[in-house]
Each structure stands twice: as C-alpha cells, then as structure tokens.
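Thanks for coming, everyone. Please look at the model on the screen while I talk.

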Amino acid sequence: MRGYWRGAAGWLVLWLVLTAVASAAFGPVTALAGLAAWLLLLHARQLWHVDSLLRWLDQPPGTPVPHGSGIWAEAFSYLARLVRRQRQNEADLRSALERFQSATAAMNEAVIILDELDRIEWCNPSAEHYFEIDARRDIGRQLTYIVRQPQFVEYLDEQNFADPFVLRGARGGETTLTVQLVPYGNQQKLVISRDITRWERLEAMRRDLVANVSHELRTPITVLAGYLETLNEQETPDPAFQKRAMELMTQQTSRMQHLVEDLLTLSRLENARGPSAEQPVDVPRMVQGLHQEATALSASRHQIVLDVDTELWLTGAEGELRSAFLNLVTNAIRYTPPKGRITIRWRPTQDGGGAFSVTDTGIGIAPEHIPRLTERFYRVDRSRSRETGGTGLGLAIVKYALSHHQARMEIDSEPEQGSTFSAIFPARRTFQAPVAATATA
Ligand code: ADP
C-alpha cells in the first residue's frame with residue numbers, strides 16, 4: 001500500500017474509533033456532529049489545495065509548485081519532480097538543438113526543414129544565402145514561394161525524391177544548386193542543397209577542352225593523312241610534290257608536337273599547388289637569355305630593347321618563370337609587324353616587388369577580348385595565331401605559372417597601337433642579388 005493510502009486509512013480508522021467512543025460517551029448525535037465537522041474541515045482543506053493547484057496552473061511556467069499537507073504534500077512533490085524532469089528534458093533538447101544548429105551553421109550545404117505543407121520551419125545560414133531567404137520574414141512561407149521555377153514546383157508535387165533536383169539560375173542567375181529532399185517524420189521534409197556552380201564550370205571546361213583539342217588536332221592529321229594517301233597512290237613519285245609534302249607534313253607534325261607539349265605543361269602547372277621549386281632565380285641573366293632568343297626569333301625584323309635591373313632576383317621555379325616570360329616575349333614578336341619595337345623590362349615596383357613586362361608596338365587587342373585572353377584556346381584572330389605557330393595555350397600557361405608565384409598579370413593594350421603584358425611579383429618574392437653574383441655580372 002502506498003504511503004498516503006496508509007496515512008488516510010489510519011486517520012479514517014482513528015476517527016471511526018473516536019466516533020464510536022464519543023457515541024458511547026456523549027450519545028450518537030454528538031458523535032456524528034463531531035464526525036461531520038471533521039469531514040467538513042477535510043473537505044475545506046481539499047478545496048484549498050485544489051485552489052492552490054488551479055492557481056499554480058494559471059501561473060507562467062517556472063513558478064514553483066505549491067506546498068501542501070497530507071496526500072497533497074505527496075502529490076505536489078510528485079508534480080515538482082515531474083516539472084523538474086521536464087525542465088531538464090527541455091534543457092537537453094535545447095542544447096541538442098543548439099549543437100545541431102551550430103553544426104549546420106558551419107556547413108557549406110544549405111539545410112531547410114519543411115513542414116507537411118512544405119512551409120519553411122527552419123533553415124541554416126547557407127540556406128539563407130543560397131535561396132536568398134530572410135529567416136525573420138520567410139519562416140512559415142512555402143518553399144515554392146521562394147523557389148518559383150515551375151520545374152521545381154513539379155518536382156515537389158511529384159514526391160519522387162530519388163534523384164536530386166538541379167536548380168539553375170539561383171542567386172540572381174549565376175549559381176547552380178542541387179536540391180535533395182529527404183522525407184521524414186510526419187510528412188516533414190529535410191532539404192539539403194549544395195552549390196555545384198564550380199563543378200559545373202569545370203565540367204564545361206573539360207568538355208570544351210576535349211572538343212578544342214580534337215579540333216586542333218583534326219587539321220594537321222587531315223593534312224598528314226591526305227599527303228600520305230596521295231604519296232601511297234603515286235606509282236612513280238613526283239620529287240617536287242614529295243618535297244613539298246615532306247615540308248608540310250613536318251610543319252603539321254611540329255604543330256602537333258607544340259600542342260601536346262603546351263598541354264602537358266599546362267596540366268603539370270594546373271595540378272601543382274605552388275611552384276615546382278623555391279630557389280633563387282637570377283632574373284637579370286634569364287632576361288638577357290630571353291633577349292637573345294627574341295633576337296633570333298625576330299630575325300632582325302624588329303627592334304628589341306632591354307631595360308633590366310641587374311640586381312633584382314626572385315625566389316621561385318626558374319623553369320616556370322622562364323616559360324611564362326618566354327611566352328610573353330614570343331607573343332610580342334608574333335603579334336608585332338616587321339619594323340615594330342619590342343621592349344623587355346625587369347624593374348622593381350614601388351612596393352618593393354618586381355615587374356617583368358613586354359611592350360610591343362603591334363596589332364594590339366580590343367578591350368572586350370582582354371578578360372578572356374588567358375582562357376585555353378582563346379584567340380582574337382585564330383588564323384594569325386595558327387600561322388605564327390600559336391597553340392592558344394600560351395597565356396593560360398603564363399597565368400598558372402604566375403599564380404604559383406603569387407604574381408598577377410596586367411594587360412594594357414590598344415588596337416593598332418600595341419600592348420604591354422606585365423607580370424607583377426610581390427615584395428616577398430624579390431631580393432637583391434647576392435654579392436658574388438653582382439661581381440660576376
Ligand atoms: P596564341 O598561341 O594564340 O598566341 P596565347 O594564349 O599566347 O595563344 O594568346 C592568346 C591570344 O591573345 C592570341 O591568340 C592573341 O590573339 C592575343 N595576344 C597575345 N599576346 C598578344 C600581343 N602581344 N599582341 C596582340 N595580341 C596578343
């Protein structure tokens with residue numbers, strides 16, 4: 001028997017005994033009047049406790065549970081324990097929710113919780129960013145009010161969430177998101193969304209690269225195949241034709257060779273995170289060498305001027321820097337008509353860095369092309385680039401080689417006036433030539 005039942009039964013027995021004793025001593029009427037008075041008192045006490053309970057229920061949460069006596073003391077202490085446990089549960093839930101929210105807040109993925117009517121119940125900061133949701137304004141709104149694309153509305157209606165939905169044109173048009181819906185609980189849904197813009201761009205670049213490489217290789221291969229077929233068919237080979245065919249086939253083979261070399265260089269540079277070496281590079285000596293190569297390549301068609309700070313060196317990978325600088329120099333020769341002037345400079349910058357630049361008086365570039373010049377295979381004039389042995393990869397190579405050295409490229413050009421391509425290195429990459437080297441120079 002529980003404690004309070006024992007107490008109550010004890011009191012009842014006591015009062016029955018008292019009533020029986022009183023009845024024997026003072027008569028039954030007096031005894032029953034005493035019993036009635038006790039029952040009234042008991043009833044009043046119950047009413048007082050019920051009133052305290054009702055008043056407590058009416059109070060805001062957190063008000064202490066009232067105290068009572070007798071059975072009510074036990075009932076109220078039981079209630080107080082329940083309230084304490086419930087508060088503890090609430091605190092645990094709140095801290096779990098806070099942990100969940102701070103974990104999802106740090107996520108790059110957008111997370112949205114939808115109720116059974118696809119209304120937003122909760123979302124993390126990435127979701128606010130990707131879907132341009134204002135949590136204060138949009139909680140309680142249907143997701144289709146925010147994402148209005150008819151295909152997305154259809155996707156939600158169909159309720160087939162096996163594959164994610166690809167949402168193009170999010171955030172003002174430039175972002176692509178995958179949206180995966182996971183149904184759970186009572187017709188609620190968890191929306192997980194990821195930004196795949198970069199991945200899509202890379203995919204497009206990969207497709208373009210395959211298309212471009214195939215396109216670049218098709219012409220030389222067609223030429224080679226054509227000549228080989230004709231030579232095969234000739235029973236008595238015509239020596240003049242044979243000579244010409246050999247010349248052209250050699251030209252096309254060397255074009256393919258250049259293309260493959262440039263592709264390999266580019267892929268090597270792309271795959272590396274930094275320069276292939278961190279060594280002292282004697283840039284003045286390297287620029288002297290480039291000047292000699294440029295003179296040979298130009299075959300006296302251009303005036304080539306050198307302006308070099310003989311004591312400014314760089315830290316980095318000599319091969320990568322040379323390949324970048326040589327590309328800029330050969331471009332200047334290839335895009336400058338005879339009698340043009342080409343100036344190769346290596347000078348300190350005002351902030352202690354160094355700038356390698358090549359200025360020409362060549363054909364120049366219209367402003368709309370400039371931002372795209374470092375894209376692979378981007379050429380302003382396709383035939384001129386090919387005629388002069390270009391692969392369309394030179395400036396892409398320059399871009400990667402420079403970025404490995406935290407250097408930036410600046411292009412300043414005007415059609416028919418000429419161009420200046422500069423590679424600007426930060427101060428932390430430059431230093432004064434060691435004394436021994438200066439003495440030798
Ligand atoms: P390419 O092998 O075609 O020269 P690049 O990547 O080196 O490829 O250059 C990309 C394009 O930039 C060239 O096709 C050309 O149109 C333009 N370009 C590069 N350098 C010069 C320059 N010095 N003067 C004019 N146009 C240039």
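Start with helix α3, residues 71-105. This is a predicted model, so let's check the helix length. The helix has 35 residues, and at 1.5 Å a residue they should span 51 Å. The end C-alpha atoms of α3 are 50 Å apart, which agrees.

Which residues of α3 are buried? They are Trp-72, Phe-76, Ala-80, Val-83 and Thr-104. An α-helix has 3.6 residues a turn, so residues three or four places apart point the same way. Keep that in mind when you look at the numbers. What do the buried residues of α3 pack against? One partner is a helix, α2, at 28-58. The others are the strands β1, at 110-114, and β2, at 120-123.

Next, a helix pair. Helix α8 covers residues 197-233, and helix α9 covers residues 239-271. The two pack at an angle of about 160°, and their axes are 10 Å apart. Over 145 degrees counts as roughly antiparallel, so that is what α8 is to α9. Their crossing is left-handed. Who makes the contact? By class, there are 17 nonpolar residues, five polar and two charged.

Last stop: Asn-327. Where does this residue sit? Asn-327 is in helix α11, residues 318-334. Is Asn-327 buried or exposed? Its relative accessibility is 16%, so Asn-327 counts as buried; the cut-off is under 20%. Leaving aside neighbours within four places in sequence, Asn-327 touches Gly-394, Ile-397 and Val-398. Now take Ala-396. In sequence, Asn-327 and Ala-396 are 69 residues apart. In space, C-alpha to C-alpha, they are 10.0 Å apart.

Notes:
Residues numbered from 1 in each chain as written. Predicted model: local features only at pLDDT ≥ 70, side-chain atom pairs only at ≥ 80, totals over all residues. Heavy atoms only, no water. Helix = DSSP H or I, 4+ residues; strand = E, 2+ residues; numbered from the N terminus. Buried < 20%, exposed > 50% of the residue type's maximum accessible area, 1.4 Å probe, protein only. Contact = heavy atoms within 4.5 Å. Expected span 1.5 Å × (residues − 1). Axes fitted to C-alpha atoms, helices over the stretch in contact; angles between N-to-C directions. Parallel < 35°, antiparallel > 145°, perpendicular 65-115°, else oblique. Left-handed = near helix turned anticlockwise from the far one by under 90°. Nonpolar A, V, L, I, M, F, W, Y, C, P; charged D, E, K, R; others polar.
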